[in-house]
Amino acid sequence: MQPEREIVNTEKIAARRLSLEEVTKLGVKDRLFVSADTEELKLPDCYVPAFLTKSGGDFEGGSITARTVFQEEVSCLPDDENEAGIYLADENGPVTIEVLQSAGVVLDLALFVPGGDKGALSALYAAARQAFGADVVQIWRQGLKEVPDVKVDIFEEQIPRGRKGGDSPKRDRRAIDTYPTRADFIEFSAGWKPVVEIHKPVVDDTPTI
């Protein structure tokens with residue numbers, strides 16, 4: 001009895017392998033192909049679209065890091081014959097590689113459903129299935145929680161450095177929301193932290209005639 005094979009959706013693409021010198025001349029917008037083989041998912045001899053995490057000339061030591069379209073970072077030594085290497089699509093390329101295709105997109109969203117009753121949620125799921133096809137929209141994880149009807153300001157505040165008692169930390173407002181769920185999805189800058197406060201409407205007390 002032969003072992004079962006994983007069925008994957010791939011596309012054959014003519015390509016050529018890049019040397020380290022060629023990679024150093026590329027930028028972060030150049031589309032590459034790197035190995036799809038990871039610790040979690042073994043896909044030998046299969047590649048995925050990717051982009052360099054920084055311009056090729058900025059890497060040192062011969063090691064190159066790329067981020068795949070599936071948001072995974074892959075490091076490799078292009079000139080190492082024992083590694084899968086980095087490829088570039090080329091109609092006249094000497095080799096044909098198998099490129100893993102995308103099955104879809106997993107959305108990580110914070111959805112606010114007014115009222116939040118079961119009927120509203122059922123209608124939401126039914127509409128999604130009608131738009132994308134029955135049994136296509138799959139609910140893998142559903143986290144439901146009641147939210148208070150309160151409006152908040154979400155700030156990005158600079159983390160203070162040095163001794164205490166100095167100037168007040170700088171802050172920028174990032175969003176106004178009904179509930180601070182959006183703070184979980186905002187990428188705050190390095191050296192800054194999120195601050196959530198009850199919303200205070202801006203009052204213009206300029207005298208009028």
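Buried denotes a relative accessible area under 20%, exposed denotes one over 50%, and partly exposed covers the values in between (1.4 Å probe, protein chains only). The views below show a predicted model, in which local features need pLDDT of at least 70 and side-chain atom pairs count only at pLDDT 80 or more, while totals for chains, interfaces and linings use all residues. Residues are numbered from 1 along each chain as its sequence is written, and side-chain values use heavy atoms, with hydrogens and water left out.

**View 1. Arginine 16 and aspartate 90 form a salt bridge.** A salt bridge is a side-chain nitrogen of Lys or Arg within 4 Å of a carboxyl oxygen of Asp or Glu. By this rule the count comes to 4 salt bridges. In the pair shown, the closest N and O atoms are 3.2 Å apart. Arginine 16 belongs to strand 1, whereas aspartate 90 lies in the loop between strand 6 and strand 7, so that the pair links distant parts of the chain, 74 residues apart. Helices (H or I, at least four residues) and strands (E, at least two) are DSSP runs, numbered from the N terminus. Aspartate 90 counts as partly exposed because its relative accessible area is 23%. Arginine 16, with a relative accessible area of 27%, is therefore also partly exposed. A network of salt bridges links Arg16, Glu22 and Asp90.

**View 2. Strand 1 pairs with strand 7 and with strand 6.** Two strands pair if DSSP finds at least two bridges between them. Strand 1 (residues 10-17) runs antiparallel to strand 7 (residues 95-100) over 6 bridges. Its pairing with strand 6 (residues 87-89) is likewise antiparallel, over 3 bridges. Alanine 15 stands opposite alanine 89 in strand 6, and lysine 12 stands opposite glutamate 98 in strand 7.

Lysine 12 and glutamate 98 also form a salt bridge, with the closest N and O atoms 2.3 Å apart. This pair joins distant parts of the chain, lysine 12 in strand 1 and glutamate 98 in strand 7 being 86 residues apart. Lysine 12 counts as exposed because its relative accessibility is 59%. Glutamate 98 has 23% relative accessibility and therefore counts as partly exposed.

**View 3. Arginine 67 and glutamate 73 form a salt bridge.** The closest N and O atoms of this pair are 2.6 Å apart. Arginine 67 is partly exposed because its relative accessible area is 34%. Glutamate 73 has a relative accessible area of 52% and is therefore exposed.

**View 4. The largest nonpolar core has 18 residues.** A nonpolar core is a set of buried Ala, Val, Leu, Ile, Met, Phe, Trp, Tyr and Cys residues joined through side-chain atoms within 4.5 Å. Leu18, Val23, Leu32, Val34, Leu52, Ile64 and Ile86 touch the most other members. Two or more residues come from each of strand 2 (32-35), strand 3 (46-52), strand 4 (64-68) and strand 5 (73-76). Strand 3 gives the largest share of this core, 4 residues. Another core, of 7 residues, lies apart from it and includes Ile13, Phe33, Ile97 and Val99.

**View 5. Tyrosine 47 and tyrosine 87 form the 1 aromatic pair of the structure.** Rings of Phe, Tyr and Trp (its six-membered ring) pair if their centres lie within 6.5 Å; planes under 30 degrees apart count as stacked, over 60 as edge-to-face and the rest as tilted. The two tyrosine rings are edge-to-face, 5.1 Å centre to centre with 70 degrees between the planes. Tyrosine 47 lies in strand 3 and tyrosine 87 in strand 6, distant parts of the chain 40 residues apart. Tyrosine 47 counts as buried because its relative accessibility is 9%. Tyrosine 87 has 11% relative accessibility and therefore counts as buried.

**View 6. Aspartate 153 lies in strand 8 (residues 152-158).** Aspartate 153 is buried because its relative accessible area is 4%. Its side chain makes a polar contact with the side chain of histidine 199 (2.6 Å). A polar contact is a pair of N or O atoms within 3.5 Å; within protein, one must be able to donate a hydrogen and the other to accept it, and residues adjacent in sequence count only if both atoms are side-chain atoms. Leaving aside neighbours within four places in sequence, aspartate 153 is in contact (heavy atoms within 4.5 Å) with residues including Arg173, Ala175, Val195, Glu197 and His199.
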